Amino acid sequence: MTWLWRISFSLGCLAPVWAANVSGSVALADSRDPSVRRHKDFSGVVVWLTPANGGSVPAGRQPSKATMAQIEKHFKPHVLAIPVGGVVEFPNFDPIYHNAFSSYDGQVFDVHLYPPGTSRSVVFKLPGIVRVFCNIHPTMSAVIAVLETPWFAVSGRSGNWEMHGVPAGQYKLHVFHERATEETLHGLEQRVTITGGDSVTLAPLTVSEAGYIPAPHKNKYGNDYPPPGGYSVTQ
Amino acid sequence: MIAYFSRLSLLWKILLSTSVAITLLFAAMGWIVQRSAVETTSRTLEDEIDASFQAYESLWKARATLLGSVSTLLSTMSDVRAAFGTGHGPTIQDTAGELWSRLSEERAIFLVTDAHGRVMASAGPLPDDALRQNLDVVNLAARKFPGQAPGFLMRGEHLYQTVVTPVYVETALLDVLVAAYDVDEAVAKGLRSATGGSEFVFLAGGRVVASTLNARAAAQLAAKLAQHPRESVSDGAISYAARMKPLEDIEGNNIGELLILRSFEAAQARLLVLRRNIILLWLLAMGTGLALTYALARRIVEPVKALDRAAAEVARQNYDHRVKVVSQDELGRLARTFNTMCASIQQARQELIRQERISTIGRLSSSIVHDLRNPLAAVYGGAEMLVDSDLSMPQVKRLAANMYRASRRIQELLQDLLNVSRGNARCAEICKLRDVALAGCEPLKSTAEAQQVEVQIRIPEDLELPLERNRVERVFSNLVGNALEMMPEGGQVSITAAAQDGFVVVEVRDTGPGIAPEIRDSLFEPFVSAGKKNGLGLGLALSRQTVLDHGGDMWAEFEPGQGACFRLRLPCGNRTGVTIHSADAAR
């Protein structure tokens, strides 16, 4: 991985002077999630910049490719951000069949059940937050943020994020977290000005999970999964 | 036995009777109680085994229903159906197995096969690989599809309770769910604890597949029941009430049997305790009863013993003995009555002695008067003739001689009386019987002549006997005198004697009117007489007593139309040297 970093760094040096690396950190508050409360796991927060004042996004970029693997009955990574038109691969590393589907707002898709050791890919052409599930494993879920901008980042466990090649200018900062309400996320939107320089560090953000009500998702047929506690069978 | 019982003492009889009564009472009570207990126990056992059977049925039904419900639920769940659609074993197992383990009991087995019974996935504790092979049962169950098919399945060494459920996609049979429970020892033990101790034996394929008993005992019982189906069976040590239920496979064929057994052991133990209690109670009752009876019987028997001793004293003519009165009950009254009776007997005896004395004096006086009368009459008559008549010298001499003999007789009588009163023993002397008879008749000779009565004495001369001469003389004079009195108009008196078998039998016979019938029975009793002008009725009584005193006997013989006949039997007394010759002599 070290060489990748070196390449990135070189590219950064070669970039025009008005392009900068933007970084920042987020924290999650009011969470009921044990990993957040005990281990300060602030990963999975999507941050992206859109040009303010109706500025346009540079077009003609190569469609990106991303991978969301199915390992040990989990989607990894759990949160993925891709630009519109990006392709996501769903390789199945488990010894059992898996499925990936989304029936939520955003792009609806279904790759059907596919055997172990194979992969399915989906092109995400519509912007939006896509919630991904497996039809036969109710515990599996993932989020794919399909964004109309090339400037986005997903926070790591420490809450730090970083995006590269952001030209100087006025931007609107958007934030998404799967357990934050629409209102919270809307309130976190803010204008930022990226000035010239190698790197810009934005002020830390705190995303509150207050008001989040977990709701079980339906399977791809729109039915409930069996509840995790088991059925009580009437005789 | 009765004789032995009668020899026992009163106390032992009472104790024996009490113990027999208590034992009989307890035997009867024990029999009734035990009979009732046995009936109750066997009824309870029947109820228990019925309850066990019902418990088994409901438990089994519940399990089948649970398997069926879970299978149905799984077959209708979209994600499970989706997993089934892959036909991929691990995926099906992963999806359905997790659900299955959540939905069903841990011990349930879950198999997914294709439409032909090929096993694709399984979940739960499979006891061996026999279940992973193709399941023909699916093909058999297909006849009941789309419904579920429950039934028992024998696979390898194991018996399973199964429910086969089809999973359809549209109208095509996608997969088949086979839910099963392994019927093993744990199931049998579970049934036993659920039914409160009934034993369960599952038989299939000709052997015991699961049992709460040890395999050998279970096989033995099963073999016995197979030979003779009945409601109770024993393995040699323990008896059981038994009930059999066929185990049917999916098609309803009999593939084995369930044997429900209920041990008699507890019931028998209860009966044993009951018997022991009855025996203990019996021993207690015997102890108490015998102790009380002994105490009471002693109170009864002691006074009776005292009375017995008193009666023995009375028997020994000790009338002064008195019984101590210790109670106021019947025994007390008996003792008082006994004492009163003793006093009465004592009084009556003294009165009797007094009377006897008077009577003895009277009898003695009568005897003396009677015996003295004849010689006195001779003296009186002789003296009167001497005074009144002119008699020749020979007549005077004869009269004087008569008077002399009579007075001498009087003297002898008085001497006898003196001897009797002094207690002198009379002694016998050897006499010629003929002389004695003649001497006895001599004083009556004149009277006989006056009445023209012929007295014949035909006694052999040489017949000698040990006799008390005077008394035997009086016997002859008495008998001849009586005969003369009965024959005032003349007649004959004959006296004969003959020796017979060591005795001499003397016969005195007359030609008079005979003995009156009314006195025949009491002829020899004192003061009995008939047809006599004078006399006390003592003659025959004294005569017989004389003969009896000689060791002989005297009796009368009655012959109709004949006169009186008396016979005397006197012992010859050979030891005294008396010789007896044949009776050939004449008078």
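Q: What makes α13(B) a helix that lies across the sheet, and which strands of chain B does α13(B) lie across?
A: In this predicted model, α13(B) lies across β12, β14, β15 and β17 of chain B, running at about 15° to β15(B). Contact here requires C-beta atoms, placed from the backbone, within 7 Å.

Q: Why are β12 and β16 of chain B said to stand at the edges?
A: The open sheet has the order β12-β14-β15-β17-β16 in chain B, with mixed pairing, and β12 (453-458) and β16 (553-557) each have a single partner strand, so one side of each is left without a neighbour in the sheet.

Q: What makes β15 and β17 of chain B a pair?
A: Pairing requires at least two bridges, and seven bridges join β15(B) to β17(B), which run antiparallel; in one of these strands, β17(B), Leu568(B) is the bridge partner of Val506(B).

Q: How is the packing of α13(B) and α14(B) described?
A: Two packed helices are described by the angle and the distance between their axes. For α13(B) and α14(B), the axes come within 9 Å and cross at roughly 145°, and the crossing is left-handed. The contact includes Val472(B) and Val475(B) of α13(B) and Thr546(B) and Val547(B) of α14(B); its residues divide into four nonpolar, five polar and one charged.

Q: Which residues have the most contacts inside the largest nonpolar core?
A: In this core of 121 residues, they are Val46(A), Val47(A), Ile144(A), Ala96(B), Val201(B), Phe202(B) and Leu259(B). Strand β5 of chain B gives the most to this core, with seven residues, and apart from it lies another core, of 39 residues, Val472(B) among them.

Technical notes: Residues are numbered from 1 along each chain as its sequence is written. Chains are lettered from A and ligands numbered from 1 in the order in which they are written. This is a predicted model: local features need pLDDT of at least 70, side-chain atom pairs count only at pLDDT 80 or more; totals for chains, interfaces and linings use all residues. Axes are lines fitted to C-alpha atoms, for helices over the stretch in contact, and angles run from 0 to 180 degrees between N-to-C directions. Helices (H or I, at least four residues) and strands (E, at least two) are DSSP runs, numbered from the N terminus. A crossing is left-handed if the near helix is turned anticlockwise from the far one by less than a right angle, and right-handed if clockwise. Two residues are in contact if their C-beta atoms, placed from the backbone, lie within 7 Å. Ala, Val, Leu, Ile, Met, Phe, Trp, Tyr, Cys and Pro count as nonpolar, Asp, Glu, Lys and Arg as charged, and the others, Gly among them, as polar. A nonpolar core is a set of buried Ala, Val, Leu, Ile, Met, Phe, Trp, Tyr and Cys residues joined through C-beta atoms within 7 Å. A residue is buried if 20 or more other C-beta atoms lie within 10 Å of its own, exposed if 12 or fewer, and partly exposed in between; C-beta atoms are placed from the backbone.
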